[in-house]
Amino acid sequence: MSLVPSMLPDFRVRQRDYLLEISRLLTQELDLEKLMARILRVSIEMLAGQAGIIALKLPDGWRVAAAHGIAPAFLSYLTPLLAEEKVRELDVRELNRMLKGLTYTASMGLLNGTGLPLAAHEQVIGVIFIFRNYPDLFTPNDRILLQSFADQAAIAVFNAQLYGQISYEKKRLDALLDSAGDGILILDAQLNIERCNEAFCQLFGVTREDVTNKPHSEIVRWKKEPQGSTLEESVANGWPLTPNATLYVEGDLNRPLPPALPVGITYAPLLSDEGKLRNVIVAVRDITHFRNADEMKATFISIVSHELRTPVALIKGYASTLRRADAKWDKHTINDSLGVIEEETDRLSKMIDDLLDASRLQAGGLSLNQADVALPSLALRVSERFASQSPKHRIHTDFPEKFPVILGDENRLEQVLSNLVSNALKYAPEGEIKISGTTLPEQVIVCVSDEGPGIDARDLPHIFDRFYRSTNAVKQTKGAGLGLYLARAIVEAHGGRIWVEGNNGSSAKPKSDAGARICFSLPR
């Protein structure tokens, strides 16, 4: 009997040492499985057990985090015991009563067992079970001791899960930064670049190593004074005054290789709890497309206002003249005046139709009503219509016999040929205009050629662009720069393509005196 008091202090010292060891592991070990295995082994040793299990409750079900002396498949027997959510609702006596029957039923040489929940923030996050292979019951002191280890295990699980969540959030943030289409920089409080994503490197034309740890002012350098205050100017004036005080700057950004890049940069501050600047999140967006859209809008307004004003002015002038009460007009003058009004009205109507078609393209493409189309007949109809309008030109067609019938939208294809022939009439003062066709195994090719001055090499990359008109065209002819743009859209909607080639049939660039030859292909 005298040995018991002398052994008790030693037992408590061992218990204290184990708890201190586990506490140290909690601050040093982030591997949850290793930590759970150590806690389980200590619990088994302190309670003179032979086997044990720590089961964790995860979003997708229960999982054995640590097992000693027993197969993990044994967990399937514990399912009825693992359904409780709240600690207060978990009856420990009932759990142990069921566990006693479980160990007996499962056999495996385990005659007695006890279990306690692992609880954190009043939520069951796991269960720890200890088994013995001799019939002595677990005493209340055993359960108190096991509870102390269970509490430590619960802290470890909670910390490990929190660490896992933080790691996951970091990976998700990394994926977000790396997949973002806009360039992103993260600056520290001194406005040095802590991090940049791949999109910024591609926009700027450098590697991450060239940007990281550099001052913001060394990387973000403006070609000319930007729109809005720069970041450095704003910080010097007290920015940010509130946590949501974003800053926007727009201008041309200098980069190692020209040209300068039009960008819009948004700066968002990240403040500490004390209101001090900790980081600045920088989003760099390439606004070349938006700037081009603005320029195109300005061009559109300029062209439309100019091109619409001319026919409207002529219509109004002739109509006003015919309505004069102080003059009497002969029939010939009246017919000529009405002819001009009709001609200008047709031009105005065509321009409006082209603008509507261009708008439809922007809204999602042209719709096609496809049927069988005989291109030789279509070309002949177009040539006859235009031949009556210009006696200075000879318009004819040249198609081989048995030219294949294709599937297409006849009205739209007539619009393509009309635009090409109309261009030839505008830019070739006189001479022959030919609409010719050839066949290939899988496609047909139609070309419209003239004997005019040809297309300047500087204009070749742009002639199919919307609203594009060369300098000479603006001076010499009328138009909105939509004819070839719409022709390309219609041909591509049919699955073909359109291009410019030399007047001799080669793909070489046209010479200035060789006339123009524009061809398009369509699938058979």
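**Notes on the predicted model: cores, sheets and confidence**

1. The largest nonpolar core has 36 residues, and those with the most contacts inside it are Leu375, Leu417, Val421, Ile435, Phe520 and Leu522. The elements that give two or more residues to this core are helix 11 (375-387), helix 12 (410-427), strand 13 (431-439), strand 14 (443-449), helix 14 (483-493), strand 15 (497-501) and strand 16 (517-523). Helix 12 supplies the largest share, 7 residues. Everything here refers to a predicted model, and the confidence values are taken up in the last point.

2. Which residues is leucine 375 in contact with, once its neighbours within four places in sequence are left aside? The contacts are with Phe399, Phe403, Ile406, Leu413, Val444, Val446 and Leu522. Apart from this core lies another, of 30 residues, which includes Val42, Ala66, Leu116 and Ala150.

3. The axes of helix 12 and helix 14 come within 9 Å and cross at roughly 145°, and the crossing of helix 12 past helix 14 is left-handed. On the side of helix 12 the contact is made by Arg412, Gln415, Val416, Asn419, Leu420 and Asn423, and on the side of helix 14 by Gly483, Leu484, Leu486, Ala487, Ile490 and Val491.

4. Another open sheet, of 5 strands, has the order 6-5-9-8-7, and its pairing is antiparallel. Why does one side of strand 6 (193-196) and one side of strand 7 have no neighbour in the sheet? Both strands stand at the edges and each has a single partner strand, so one side of each is left without a neighbour there. The twist in this sheet averages 25° from one strand to the next.

5. The pairing around strand 8 can be followed residue by residue. Strand 7 (residues 247-253) pairs with strand 8 (residues 261-271) in the antiparallel sense over 7 bridges, with glutamate 250 standing opposite glycine 264 in strand 8. Strand 8 is in turn joined to strand 9 (residues 277-286) by 9 bridges, and these two strands also run antiparallel. Across that pair, tyrosine 267 stands opposite valine 282, while proline 269 has valine 280 of strand 9 as its bridge partner. The hairpin of strand 8 and strand 9 has 5 residues between the strands, and glycine 275 takes a positive phi near 85° in it.

6. Strand 4 (residues 123-132) is mostly covered, since 9 of its 10 residues are buried. Strand 1 (residues 51-58) pairs with strand 4 in the antiparallel sense over 6 bridges, and the bridge partner of alanine 55 in strand 4 is valine 127. Strand 3 (residues 112-120) runs antiparallel to strand 4 and is joined to it by 9 bridges, with alanine 120 opposite glutamine 123. The hairpin of strand 3 and strand 4 has 2 residues between the strands, and histidine 121 there takes a positive phi near 55°.

7. On confidence, the mean pLDDT of the protein is 79, and 79% of its residues reach 70 or more. Over residues 84-92 the pLDDT is below 50, although the model gives this stretch 19 contacts beyond near neighbours in sequence. The pLDDT also stays under 50 over residues 503-512, for which the model has 22 contacts beyond four places in sequence. Where pLDDT is low, the predicted coordinates should not be read in detail.

Note on methods
Residues are numbered from 1 along each chain as its sequence is written. This is a predicted model: local features need pLDDT of at least 70, side-chain atom pairs count only at pLDDT 80 or more; totals for chains, interfaces and linings use all residues. Side-chain values use heavy atoms; hydrogens and water are left out. Two strands pair if DSSP finds at least two bridges between them. Helices (H or I, at least four residues) and strands (E, at least two) are DSSP runs, numbered from the N terminus. Axes are lines fitted to C-alpha atoms, for helices over the stretch in contact, and angles run from 0 to 180 degrees between N-to-C directions. pLDDT is the predictor's confidence in each residue, from 0 to 100. Contact means heavy atoms within 4.5 Å. Buried means under 20% relative accessible area, exposed over 50%, partly exposed in between (1.4 Å probe, protein chains only). A nonpolar core is a set of buried Ala, Val, Leu, Ile, Met, Phe, Trp, Tyr and Cys residues joined through side-chain atoms within 4.5 Å. A crossing is left-handed if the near helix is turned anticlockwise from the far one by less than a right angle, and right-handed if clockwise.
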